Amino acid sequence: MSDRTVLSGKRVLVTGGAGFLGREVYSRLEDQGAEPVVLRSAQVDLTRQADTEEYLADLRPDIVIHLAAEVGGIGANRDNPGRYFYANATMGIHLIEAARVVGVEKFVQIGTVCAYPKFTPIPFREETIWDGYPEETNAPYGVAKKSLLVMLEAYRQQYGFNGIYLLPVNLYGPGDNFDLHSSHVIPALIRKFTAAVDGVDGAAADVVEVWGTGAASREFLHVADAARGILMGTVGYGDTDPGNLGSAHEITIKDLVELIARLTGFQGEIRWDSSKPDGQPRRKLDTERAKERFGFESAIGFEEGLGETIAWWRSNRDRVHAQERG
């Protein structure tokens, strides 16, 4: 049975549906005949239980895909640990309970690779998620998201509630958040290097400073691949076990920086600020469960995806700058 057949006519609530990942998920839902509904933070405050329950009681969705999160890079996580824990925990808790009460057919919770222990054996296998405490700079966010896995397991056991938990690795791609304070590593680096090359943002043309030592490694998944994986899981996955969504490609931050420098045309000095944290030492997911249980594998090559993202930023940065200026 095709995804279109399964999703056709289904009312699917997508929290965070106007965001980076949400826009991709929304578009794919439309393509597959669903009736997606975007929930923006300005409409309903999901940290308020009564507001969340009232909204779901009125909407009566068939499926909920919970993408909404308050999240950022290392700097934002260090500045907002309390807010990130509270907001991410309460949004999920309120939504899951409200979805149970109104009889939602399926709840798809999007977790985070930040939930894994700081020193997880490589590659990260889903069964190791409880083997230690997350990396300190993003632990409040990671623990808040991981608590929702426990809630879904408990609700399946007690109520027969059909909820799944998918764990995407760090995402990137066109339309990402390029704010230097709150963005993740790829858009932040693209913004810095293109500014140096193109003479915008007030950056020096011959030096780019980057955080850390470059020794840490990361895995990245293109946003279009992530959206495809989420819909494949929505249709084809029904297990309690969490499922990783990744590309199975690991790269050190040093190599990533040098690759982005090359793709943007930067030929100046790269200056490392080793007083800044590296974050978790390594990240690389084991992606076999997603492949075996619902057929997902990434399809977009990393260098191809980076080139596409760099081109998008150069075409859209004037508009983004104007929005930032208010």
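Modeller: Start with the axes: each is a line fitted to C-alpha atoms over the stretch in contact, and the angle between two of them runs from 0 to 180 degrees between N-to-C directions. Keep in mind that this is a predicted model. Here, helix α3 (residues 49-59) packs against helix α5 (residues 81-102) at about 35 degrees, and their axes lie 9 Å apart. The crossing of this pair is right-handed.

Biologist: Which residues of α3 and α5 make the contact?

Modeller: From α3 you have Gln49, Thr52, Glu53, Leu56 and Ala57, while α5 brings His94, Leu95, Glu97, Ala98, Ala99 and Val102. Sorted by class, that contact has 6 nonpolar, 3 polar and 2 charged residues.

Biologist: And at what angle do α2 and α8 cross?

Modeller: Roughly 55 degrees, for helix α2 (residues 20-31) and helix α8 (residues 223-236), with the axes coming within 9 Å. Angles from 65 to 115 would count as roughly perpendicular and those under 35 as roughly parallel, so α2 and α8 are oblique to each other. Phe20, Leu21, Glu24, Val25, Arg28 and Leu29 in α2 meet α8 residues including Val223, Ala227 and Leu231.

Biologist: What does the side chain of Thr120 reach?

Modeller: The backbone oxygen of Pro117, at 2.6 Å. Leaving aside residues up to four places away in sequence, Thr120 touches Thr128 and Gln280.

Notes. Residues numbered from 1 in each chain as written. Predicted model: local features only at pLDDT ≥ 70, side-chain atom pairs only at ≥ 80, totals over all residues. Heavy atoms only, no water. Helix = DSSP H or I, 4+ residues; strand = E, 2+ residues; numbered from the N terminus. Parallel < 35°, antiparallel > 145°, perpendicular 65-115°, else oblique. Contact = heavy atoms within 4.5 Å. Polar contact = N/O pair within 3.5 Å; in protein donor to acceptor, adjacent residues only side chain to side chain. Left-handed = near helix turned anticlockwise from the far one by under 90°. Nonpolar A, V, L, I, M, F, W, Y, C, P; charged D, E, K, R; others polar.
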